[in-house]
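Subject: Structure for you to look at

Hello,

Here is the structure I promised to pass on. Please open it first, then read the notes below.

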Amino acid sequence: MNDNHDDRHDDDLDDRPSKSALKREMTALQDLGERLLHLTPGELATVPLDPRLAEALRETRQIKSNSARRRHLQYIGKLMRQLDAEPIQRAVEELDTGQQQRNHAFQRLERLRDNALAQGLAGIETLVAEFPDADRQHLRQLFLQAERERKANKPPAAARKVFRYLREMSDV
């Protein structure tokens, strides 16, 4: 009879997560809380936050002491364990994905600009093929200015203007 009781007790232990798994989960929630601290106020507004958690995040941003900040991050982790963190995690992942897409678009525009400038005035046609509404005369002026700056070893102000113009044309 006593063996039967022990088997049930062992089954109960098997259903519970291990101490290490609990610690990993707590650390992950604390890391998510720290990630929330690095979001801009506009980004944070898109994340579904409990009012207590939002207040704790505001308080943490004001703390300068490292040890006090660490303790407050542990408090944020504790608050997050009491909530359903899945919607918060999804919202942060969506923000990260959007940022990655913007970074890729910026890098693509930079490569396009660099390749076009390397071609000289012929590069204008490359840009016009990509952006049919582009102003050829404006691009020509910028390309000539960029060439003069390159030859004079000046900072690439015109190249930055070309990038800004391309960014306006692409709505990135």
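Of the 172 residues in the protein, 27% are buried. Keep in mind that this is a predicted model.

Overall make-up first. The protein has nine helices and zero strands. Along the sequence the pattern reads α-α-α-α-α-α-α-α-α. The radius of gyration is 27 Å, while the globule rule gives 16 Å for 172 residues, so the protein is more spread out than a compact globule. The C-alpha trace spans about 90 × 40 × 30 Å along its principal axes.

Next, surface and contacts. Take the contacts between residues at least 6 apart in sequence: 56% of them join residues at least 24 apart.

One helix pair is worth a look on your screen. Two packed helices are described by the angle between their axes and the distance between the axes. Helix α6 covers residues 86–119, and helix α7 covers residues 123–130. Their axes come within 7 Å and cross at roughly 145°. From α6, the contact uses R108, L112, A116 and Q119. From α7, it uses G123, T126, L127 and E130. By type, the residues of this contact are three nonpolar, three polar and two charged.

Best wishes

Note on methods: Residues numbered from 1 in each chain as written. Predicted model: local features only at pLDDT ≥ 70, side-chain atom pairs only at ≥ 80, totals over all residues. Heavy atoms only, no water. Axes fitted to C-alpha atoms, helices over the stretch in contact; angles between N-to-C directions. Helix = DSSP H or I, 4+ residues; strand = E, 2+ residues; numbered from the N terminus. Contact = heavy atoms within 4.5 Å. Nonpolar A, V, L, I, M, F, W, Y, C, P; charged D, E, K, R; others polar. Rg over C-alpha atoms; globule rule 2.2 N^0.38 Å. Buried < 20%, exposed > 50% of the residue type's maximum accessible area, 1.4 Å probe, protein only.
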